[in-house]
Amino acid sequence: MGKLCELIELSSKVQGQLFTALNLTATQGGTYGGIETLKGRLLPWLGNTFLASGANVSQDTSLSLMKESIDKDREMSELKSKHDEDVLRLEVELNATMGELKDTHTQLNDSQAELTKTKTETGGDMLASEEEICILRADLRIARDDAARYRRQLNVIGDFEREIDRLRSEVNILRSEKEIEQDCLIRVRSRSPSPIRRRSPSPIRLRSPSPIRLRSPSPLRRSFSPTRADLTNSIRHSRLVARFNDLYAVDRLDMQDRLRRYVDDDEMVKRIIFISVCESFHVAKMAYRSFRLRARKFLSPIHRGPISLEDTVSDYIVRNLDLYDVEKSVDDVIRSMNVNPKISFPPECEFALLSPFIREVCRVAYEMQALEPSLDIPLATDGELMSEVKYRRSYDSEFTAPLVAFHVWPALMEDNSVLIKGECTTRRGALSSPRRSPSPNRSLLGSTSRSSLRSRSRSLSPRRRLY
């Protein structure tokens, strides 16, 4: 009963709200707004006092409700069938996608296995390739250095060719002068009377033609017929001085760059280059003296003519500078450097790395000995007093220090006068600086004393340098 009462209360509330809505609708619809609807539908229903048990809705309302219900059922069935079709289609696509995913996963596993195998196989190849690349880069740097050196040699060859052309022109001029002098000599001989015709008891007539004898043209011929060494001395002098400057400005720097790849100490690099230059001059001088002795011994039995034997030997040496065995000198220089206690080199390298530079220095030093007067480098020792005449200080020197710590480049001397200044580094306490230990590749020579090594590897000449 309580529930029924509640239903009645609720229905009364709903009816109150419905009547309020009907009142508002009729009021807003104007005078006749909604009258027909109220008369046809609401008033008959109110006349039955809401208690018509068999009361039914109107025919129009039932048809519209039935139609709406059928339409909704049809839409629901269509939506259900469409939903089922979509579900089936999605299931098919999901199965296909799952199959493709499984295949892709299998391919991915295979690719990962192949990639791992490829990495394992190519790991060693990559290491080998990196080593080959490093070797090729080193070869490329060496090839570039050689190419630069060859270009410089080509420039020097071009200078040689120009000098040769000029010398040929001078030789042609001298030949023409010689022919003119010979013609003059022949004319003088033809004009002079015969010794048979000059036979006379008078002693004065016999002495008169004596100044026109063949003794007079001999100094004339000697003065107008200089040797090749005399003709080319000034040219060779200027060329060798220029080449010595190039060795300092170009070749020395290139060799420093090459040595810095193996030696970290910049002072040791400069010591190595300086000692190689000094040893090259020493060995080249010894080779020149030996060749000069052999040339004098060879030419003395066959020497004839107004030119002295020494001039003939000098001319022979100048004409045969290509007979100098420079490779033997390079080997001697490297052998002397290997036993020098002041320089060291890494065990994986050798002083043969300096062979191109040593070869050029030996050739220049050998040709300098053939000049008149010859060119040479002075004695140089560590800890000596700095000479402003012979050397200039390097950029890293202590400019107030009076003693030489080490030399960078030797000076060039001519008749005890400085022609080109050298370079050295001055530091305080140079005399107390420790000596460098020899490199590990000389461990085989450890049992031999330093004096015996020097006596075996170098000459006992009094002009030998101390480094």
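This is a predicted model: local features need pLDDT of at least 70, side-chain atom pairs count only at pLDDT 80 or more; totals for chains, interfaces and linings use all residues.

Mentor: Let us begin with Val 404, which stands opposite Thr 426 in strand S6. Widening the view, S3 and S6 belong to an open sheet of three strands with the order S2-S6-S3, in which the pairing is mixed. Strand S2 (391-393) and strand S3 (404-409) stand at the edges and each has a single partner strand, so one side of each is left without a neighbour in the sheet. From one strand to the next, the twist of this sheet averages 35°.

What packs on this sheet is helix H6 (residues 228-259), which touches S2, S3 and S6 and whose direction makes about 100° with that of S3. H6 also lies across strands S1, S4 and S5, where the helix runs at about 65° to S5. Those three strands form an open sheet with the order S1-S4-S5 and antiparallel pairing. Its edges are strand S1 (375-376) and strand S5 (417-420), each of which has a single partner strand, so that one side of each is left without a neighbour in the sheet. Strand S4 (residues 412-414) pairs with S5 in the antiparallel sense over three bridges, and within that pairing Leu 412 stands opposite Ile 420 in S5.

From H6 the packing can be followed to another helix. H6 and helix H7 (residues 266-299) pack at an angle of about 135°, with 10 Å between their axes. That value makes H6 oblique to H7, because only angles over 145 degrees count as roughly antiparallel and those from 65 to 115 as roughly perpendicular. The crossing of these two helices, H6 and H7, is right-handed. On the H6 side the contact involves Phe 244, Arg 252, Met 255, Gln 256 and Leu 259, which meet Val 269, Lys 270, Ile 272, Ile 273 and Phe 281 in H7. Sorted by class, the contact of H6 with H7 has seven nonpolar residues, one polar residue and two charged residues.

H7 in turn packs with helix H8 (residues 309-319), at an angle of about 120° and with the axes 10 Å apart, which makes H7 oblique to H8. Here too a handedness can be given, for H7 passes H8 in a right-handed crossing. H7 contributes Tyr 288, Phe 291, Arg 292, Ala 295, Arg 296 and Leu 299 to this contact, while H8 contributes Leu 309, Glu 310, Thr 312, Val 313, Ser 314, Tyr 316 and Ile 317. By class, the contact of H7 with H8 has eight nonpolar, two polar and three charged residues.

To set this part against the whole, the protein chain has 11 helices and six strands. Of its 467 residues, 30% are buried.

Technical notes
Residues are numbered from 1 along each chain as its sequence is written. Side-chain values use heavy atoms; hydrogens and water are left out. Two strands pair if DSSP finds at least two bridges between them. Helices (H or I, at least four residues) and strands (E, at least two) are DSSP runs, numbered from the N terminus. Axes are lines fitted to C-alpha atoms, for helices over the stretch in contact, and angles run from 0 to 180 degrees between N-to-C directions. Contact means heavy atoms within 4.5 Å. Angles under 35 degrees count as roughly parallel, over 145 as roughly antiparallel, 65 to 115 as roughly perpendicular and the rest as oblique. A crossing is left-handed if the near helix is turned anticlockwise from the far one by less than a right angle, and right-handed if clockwise. Ala, Val, Leu, Ile, Met, Phe, Trp, Tyr, Cys and Pro count as nonpolar, Asp, Glu, Lys and Arg as charged, and the others, Gly among them, as polar. Buried means under 20% relative accessible area, exposed over 50%, partly exposed in between (1.4 Å probe, protein chains only).
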